[in-house]
Amino acid sequence: MKQTFLIFFYLLTLSATSQTIINGNVTDTKNQPIEGANVYLDGTYDGTTTDENGNFSFKTSETGFKTLKVSFLAFETLLLTKDISELNNLQLKLREDVNALDTVVISAGTFSAGDNSKISVLKPLDVVTTASALGDFVGALQTLPGTTTVAEDGRLFVRGGEAEETQIFIDGIRVFTPYVPTTNNTPTRGRYSPFLFDGITFSTGGYSAEFGQALSSVLLLNTIEEPDQEKTDIGIMSVGASLGHTEKWESSSLSVNGSYINLAPYVALFPDRNDWIKPFQGGSGEAVFRQKTNTGLLKLYSAFEFGSFDLIQEDINFSEGIHNKMNNQNLYFNGSYKGSLGGNWSVFGGLSYTYNKSEFEVMDDNIADKENSYHAKFKLHHRFSNRFKINFGAEYFVTNFNEAYDNPFINDISYGFKNNLSAAFAESDVFFSKNLALKAGLRMEYSELFEQLTLSPRLSLAYKTSAKSQVSLAYGNFFQNPNNNILKFEQDLNAQKTAHYILNYQLNNDGQIFRAEAFYKDYKHLIKYDTEYADFNSNYNNSGSAYATGIDLFWRDSKSIKNLDYWVSYSFLDSERDYNNYPIEATPNFVNTHNLSLVTKYWIENWRSQFGMSYSFASGRTYTNPNMAGFLNQKTKSYNSLSVNWAYLISPQKILYLSVNNVLGIKNVNGYQYADTPDSNGNYASRTLRPAADQFFFVGFFWTISEKGTDNQLKNL
Amino acid sequence: MTILKHFILIAAILFTANMQSQTQYEQGMQKAFDLWETNPIEASQLFERIANAEPDNWLPPYYAAETLILNGFTKLNDKSALEAQLNKAQNFLNDATAISKENPEIMVMQALLYTVYVASDGAKYGMTLSGKVMALYTKAEAIAPNNPRVVLNKADWEIGGARYFGQDTQPFCKDVERALELFATFKPESKFAPSWGKERAEEILKDCK
């Protein structure tokens, strides 16, 4: 009897444990019931799913303090620790997860390319498939609104700013000399291969406090973190050849890439307006090494490039033309480490070194430039929650510039400067809800050269106006030291300044994006000098000023017509400047009032071909006609260019690529050059400045060899 | 009653309790598999609860991910819902990988997750993910060359690529046949270890002919 009782007692203990009922109701913050939320006791089997009214109820044999977990897609997981007996009639509210795809994004001023961004305007492939870009990432960005068409230059001119006002960063570290030097009637290209990057962010204003020394714009390029597999890439082009190889190990990888370009055969076939003695030739080598550690990633990137040309260019003042010879060598190294420190802290440290040597011979003048620059950066990131994050750090820039000049009539002279600058920044990201976000930051810079301290506040705010649309505002102050061409002659100056005011509207439909942005830029303390060219004898001051205002529109649609993807950009720009040697405030010659780009890509499945087309229109640019009164008193005719390309996949590993820039052969005009002195009639003779070549043809064959024949050229399409 | 008897009784009860938890796992898993056919999302939630209760077993998070991934193929056009779902599936796969490293079954599942992204927007994800998918299959094949799911899914992916380029799919169809033979002799490691894929292989073979 006693034993039976004991057994009974034991059994009772076992069954008695499944008595408690846990129940309640789950809603969102607006008291709407959530159906299908997963509700359970952490670490046990006990739990259920909420019904259509958000109600749940289940039994448990657990006792004491337990954690109730409520999880649902696109909401933050809720944890509630209480005694089991208190877990009934619960009223639970889930907060929306601000990491979800439909959360508001701070988008004022920013265009991103890549698949990791919620607001990507361009896809990674676009950089290489835009007809007019010819594989240059800068060329692809020139089809976006906010850029102006300065066809003979090729660099990025953003919203009434000069090309030097845009800074380029690789993995967050500054690139000091991003462009290949060219003759003054041939557009330059970005130095770096677009295939090394998997994320591009192009900001046309109002950017983060992390970035400084750029008055107008920043372009952020991120190198690929982990290559997919080992492979060899071979490219044979009408203008040269390239070879690349990627090797992978357990936790590290190395990619090397070399290319050689020689324009001599091309120029022999299609002569251009230059009288070449030695057409452009150049070679480059790039290597990226990546090492994964337990908690982080180390990347080492280095690039070496050389280029040279020798030619005679037509000039109105010299009937025999101007002899122009150039030699350039450029070395760039960039190393960075990104890692997690635990406890929601992460760290980033990076360093870059640039060595650039250029030798120019222009008629009797010999000019040799040497630049040694460094950039070091350290930053910390802390995530308090998904809704509140901070980012702060410090950086140091060193630029050491020297120029040697000689001429048969002047003794050799050399001069230069050191432009060292330290900076600190702090910024926080706050999500008040899924619909309202704020980014606020402050940047402080100290220039050793000017002994000047500057403070730049930055602020952006984004508000979601509907499920698919949002409005953003941005404001910021930006400082930049004058460029090398001024600093080499005069160092007793101050930093130049702009303030940006941006209002942005964005509508994201599936497969369709519309953006409209209005901006106003206020420039102060621009450099002025009192001679025709910046020189030793000029008097310099910081009294210049300018404004730029306008509207940028962008529309992309890859959905309406099957296999057709297209985008249209339009920019209206109104800008006047009083800087350099301007006698009055005037619209500079790199400003077009109207800019329009249309890019289309059409895929024909049966032909395994993509046909691309890009059209660009830009209204005329200003120039000074000395035969009339006034300064920058005339405008050139407008610029038009239509480019087409065809990419044909012979097999998954082989691609044939053909492209023609300015297929209609439109004779564009970049400006006019006038004689220094008038002729006997008091008339200044003129010469039309045209591009070196109206058209450009390109044929390339690219072949990827991977161990298993698996990787393919589809990526390069 | 002696102390020994007490001890035996307590041991027996503890054993029963342990048995109960064993069956609780089996019951839970069985219930989740049954639910899968009618309500994959609820099935995933049940796998999620089991994963929470069984922190050392890679199977519950693996299936919690699989339910979401396969369901993802049915909502390729609802971008934001799909991304939320795949993010959650990715978290489960990360949990499974943390429990069981270098596991070819998990690699196959990771490759399938990427395949959903590629299927939803080829232009956006094709460039970055195609290579990763192939690399995962290659790695899984090196570890388990005779795992029928590795052979099948790799071939399935390669057939897709070959069709796209208008190339011959026959060599890959042979792989599917081989996978089917491997399915015939395949013995799962445990009761709930992955054993799926045979029907898919038969379906693909039909298209091959």
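What pattern does chain B follow, read along the sequence? Chain B follows α-α-α-α-α-α-α-α-α. This is a predicted model. The legends below take its two chains view by view.

**View 1. Chain B is built from helices.** The secondary structure of chain B comes to nine helices and zero strands. Chain B has 209 residues, and 41% of them count as buried. Now take the contacts in chain B between residues at least 6 apart in sequence. Of these, 55% join residues at least 24 apart.

**View 2. Two domains of chain B touch each other.** The domain assignment places residues 1–134 of chain B in domain 1 and residues 145–209 in domain 2. Nine residues of domain 1 of chain B and eight residues of domain 2 of chain B take part in the contact. Which helix gives the largest share of the domain 1 side? Helix H5 (residues 104–120) of chain B does, with six residues. By class, the domain 1 side that touches domain 2 in chain B has seven nonpolar residues, one polar residue and one charged residue.

View 3. Helix H7 covers residues 148–164 of chain B, which makes 17 residues. At 1.5 Å a residue, H7(B) should span 24 Å. The expected span is 1.5 Å times one less than the number of residues, because that is how the span is defined.

**View 4. Helix H7 of chain B is mostly covered.** How many of the 17 residues of H7(B) are buried? The count is 12. Find Pro148(B), Arg149(B), Val150(B) and Val151(B), which are among them. Leu152(B), Asn153(B), Lys154(B) and Ala155(B) are also buried. Asp156(B), Trp157(B), Glu158(B) and Ile159(B) are on the list too. Just after H7(B) comes Gly166(B), with a positive phi of about 60°.

View 5. Chain A has five helices and 39 strands. Its C-alpha trace spans about 135 × 60 × 45 Å along the principal axes. Chain A has 717 residues, and 38% of them count as buried. Consider the contacts in chain A with a separation of 6 or more. Residues 24 or more positions apart account for 59% of these.

**View 6. Chain A is assigned two domains.** Domain 1 of chain A runs over 17–94, and domain 2 of chain A over 110–716. How many Å separate the centres of the two domains of chain A? The centres, taken over C-alpha atoms, are 54 Å apart.

**View 7. Three strands of chain A form an open sheet.** The order is E4-E1-E7 in chain A, and the pairing is mixed. Which strands are at the edges? They are strand E4 (55–60) and strand E7 (90–94) of chain A, and each pairs on one side only. From one strand to the next, the twist averages 30°. Strand E1 (residues 20–28) of chain A is joined to E4(A) by six bridges, and the two run antiparallel. Look for Asn23(A): its bridge partner in E4(A) is Ser57(A).

**View 8. Thr354 of chain A lies in a strand.** Thr354(A) is found in strand E20 (residues 345–362) of chain A. Is Thr354(A) buried or exposed? Thr354(A) is buried, because 21 other C-beta atoms lie within 10 Å, and the cut-off for a buried residue is 20 or more. Leaving aside neighbours within four places in sequence, Thr354(A) is in contact with Phe176(A), Thr177(A), Tyr332(A), Glu371(A) and Ser373(A). Thr354(A) and Gly240(A) are 114 residues apart in sequence. In space they are 26 Å apart, C-alpha to C-alpha.

**View 9. Strand E31 of chain A pairs with E30 and E32.** Strand E30 (residues 564–578) and strand E31 (residues 594–604) of chain A pair in the antiparallel sense over nine bridges. Here Tyr566(A) stands opposite Thr600(A) in E31(A). E31(A) is also joined to strand E32 (residues 609–618) of chain A by 10 bridges, again running antiparallel. Ser597(A) stands opposite Ser616(A) in E32(A). The hairpin of E31(A) and E32(A) has four residues between the strands. In this hairpin, Arg608(A) takes a positive phi near 45°.

Technical notes
Residues are numbered from 1 along each chain as its sequence is written. Chains are lettered from A and ligands numbered from 1 in the order in which they are written. This is a predicted model: local features need pLDDT of at least 70, side-chain atom pairs count only at pLDDT 80 or more; totals for chains, interfaces and linings use all residues. Two strands pair if DSSP finds at least two bridges between them. Axes are lines fitted to C-alpha atoms, for helices over the stretch in contact, and angles run from 0 to 180 degrees between N-to-C directions. Two residues are in contact if their C-beta atoms, placed from the backbone, lie within 7 Å. Domain bounds come from an automatic or database domain assignment. Ala, Val, Leu, Ile, Met, Phe, Trp, Tyr, Cys and Pro count as nonpolar, Asp, Glu, Lys and Arg as charged, and the others, Gly among them, as polar.
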